[in-house]
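Student: Please take a close look at a single part of this model, the second chain, and describe how it is divided and what it touches.

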Amino acid sequence: MGLVQRRQYYGLLFVAPAVVFFVIFFLYPIVIGFGLSLTDFTLLKPPVWVGLQNYQDLLNDRLFLKSLNVTIGFVLGSTVPVWVISLAMAVLFFQRFPGRELMKVLFFTPLLPSVVVVSVIWKLLLHPSGILSAVIGPIVGQTPIKWLFDLQLSPIMSVVVHDWHIAPFYMIIWLSGLTAIPPELRDAARVDGANALQSFLRVELPLLKPTAVFVAAISTIRAFQGFSIQFVLSPSQGGPLDVNTTLGIVIWKYGFQFFRMGDAAAISVVLFAFILIFTLFQLRLGRSDDFSLS
Amino acid sequence: MALAKPYESDWAFEARLRRRIRNLILFSLALLISLLFFFPVYLMVSSSFKSEGEIFAIPMHWLPHEFQGLLQYERAFEETRLERWYINSIFIAAVQTVATVFFGALAGYGFAKFRFPGRNVLFLFILSIMTVPFQILVIPMFVLVRQLGWHNTYEGIIMPGLISAFGVFMMRQFAYNIPDELLDAARIDGASEFSIFRRIVLPMLKPAAASLAIITFLFSWNNFLWPLVIAQNRDLVTLPVGLTYFSQSLDREPLWAVSMAVSTMATIPVILLFLFFQRYFIEGMMVSGIKG
């Protein structure tokens with residue numbers, strides 16, 4: 001073996017710490033996660049093998065089915081508005097006008113506090129004696145408004161808080177997509193007599209497709225993981241009456257309140273399946289787009 | 001002159017007017033929406049200087065009428081264990097940031113510049129990790145960390161986030177662009193492989209390391225689910241967990257001004273990072289979007 005070839009083995013030395021780490025803290029948990037989902041395990045006694053029983057039980061589990069509903073509602077309810085708001089804001093901030101940079105910073109601020117801090121701020125805003133109740137209450141003729149205790153309103157508020165927090169992030173991604181479009185294309189459309197709207201619809205929007213796929217996929221994947229906002233914002237960790245109990249919250253409840261680790265692991269596997277579908281969707285669509293553009 | 005060419009002058013005037021109107025519309029629209037987005041953050045800071053009685057004043061007081069100075073912040077330290085939460089959060093974030101950057105650079109360089117058997121399989125393994133969110137791992141991770149005897153210890157909180165697959169991936173992308181000639185020249189000079197990494201590779205990875213350090217710090221600073229489940233010991237509580245417990249007390253109305261003071265305190269490091277490292281901050285957030 002030559003010196004140059006032997007040198008290549010140093011690479012193994014360099015990657016070894018990370019690889020060993022991920023075998024212990026990723027591969028192994030994944031394997032025991034699947035294993036646990038086939039057992040009854042309460043942490044006190046060793047796991048008892050039950051086969052696919054946990055999965056079968058989920059089909060009749062009221063809380064799990066409820067959380068499936070809540071999660072899908074949260075995904076559908078939060079993604080579409082956040083795409084529209086963030087794209088509209090990106091197009092707005094793409095224009096030149098006085099004061100733009102300062103306003104961009106103001107618009108960006110919701111991203112700075114952590115999700116927990118964000119939820120606590122909104123708990124204050126949405127307090128029955130709070131400012132939003134005082135401003136909107138008289139308009140709808142009902143004061144105080146119990147935003148977070150109302151079965152219909154409460155999940156909508158989770159969506160509002162989530163979208164308010166994350167919209168600036170997607171705005172930046174759209175903005176970088178817009179910036180990447182060669183200005184000559186826009187100019188050419190204008191010379192050909194297209195107005196601003198036509199140029200946006202015909203030139204920019206089609207070229208933004210890879211960005212759109214990216215934003216759509218990651219916002220969906222993230223919404224499926226909804227946990228912290230619902231946990232902190234709602235009066236009782238997913239309440240009232242479980243209308244904010246997402247899959248993430250149900251995993252936490254089964255695991256760390258009821259200590260039913262087997263059921264919690266089975267729900268994790270179900271959540272994994274959902275997220276995997278959208279990850280594959282992102283990889284597939286993202287790739288085919290790269291080809292068509294090149 | 002203007003009378004001599006009325007047509008052109010009108011046209012120029014009209015164009016200028018249209019520009020002004022367009023600017024005004026864009027300006028007003030952006031201002032309205034930006035203020036709407038900024039308002040809750042403003043409310044957090046302004047409420048932390050109000051008295052408890054003034055928090056729910058209607059109509060809202062834009063500025064505190066009974067300005068409290070830093071009283072609510074002092075109360076935050078007395079009523080909560082803010083000092084402890086702060087030290088825990090900083091310690092955990094610091095360890096995870098340093099380790100993620102160092103081991104990320106180490107492994108990223110290894111994947112980028114060496115051809116060893118199994119390289120592609122191992123790199124694919126790292127890539128696949130990025131597609132699995134932590135939520136799915138929390139149950140088995142808890143069981144594993146308990147098996148290791150790290151339940152209710154700093155090791156337990158820190159270890160699962162010590163190295164990030166995203167960090168390895170990001171560093172590989174940047175290490176790939178380091179010129180091979182530079183590395184070979186050092187080898188001819190007789191430098192050992194590890195000293196090449198330390199003296200040449202690490203300094204060249206600095207800009208990428210800065211972005212990675214910022215997003216790792218933010219991720220750790222904001223992390224909620226894992227510290228929530230793994231650390232029941234009150235001495236190990238981090239800022240997000242402590243704030244949650246404090247603002248969720250069921251038996252009485254939480255002290256809102258104090259909650260807002262804690263919230264502001266928890267956000268200050270992030271604001272500082274944003275102000276001083278805006279470029280790395282936004283770059284880091286953009287690339288980290290990939291990890292979903």
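Tutor: The following account treats the domains of the chain and then its partner.

This is a predicted model, in which local features need pLDDT of at least 70, side-chain atom pairs count only at pLDDT 80 or more, and totals for chains, interfaces and linings use all residues. Residues are numbered from 1 along each chain as its sequence is written, while chains are lettered from A and ligands numbered from 1 in the order in which they are written.

Chain B is assigned domain 1 (6-72) and domain 2 (75-291); such bounds come from an automatic or database domain assignment. Taken over C-alpha atoms, the centres of domain 1 of chain B and domain 2 of chain B are separated by 35 Å. Ten residues from domain 1 of chain B and ten residues from domain 2 of chain B make up the contact, two residues being in contact if their C-beta atoms, placed from the backbone, lie within 7 Å. On the domain 1 side, the elements of chain B that give two or more residues are α1 and α2 (71-79). Of these, α1(B) gives the most, with three residues. Helices are DSSP runs of H or I with at least four residues, numbered from the N terminus. That side divides into four nonpolar, four polar and two charged residues. Here Ala, Val, Leu, Ile, Met, Phe, Trp, Tyr, Cys and Pro count as nonpolar, Asp, Glu, Lys and Arg as charged, and the others, Gly among them, as polar.

Towards the partner, 73 residues of chain B are in contact with 71 residues of chain A. Helix α1 (residues 6-47) of chain B supplies the largest share of the chain B side, 16 residues. The residues of that side comprise 56 nonpolar, 14 polar and three charged.
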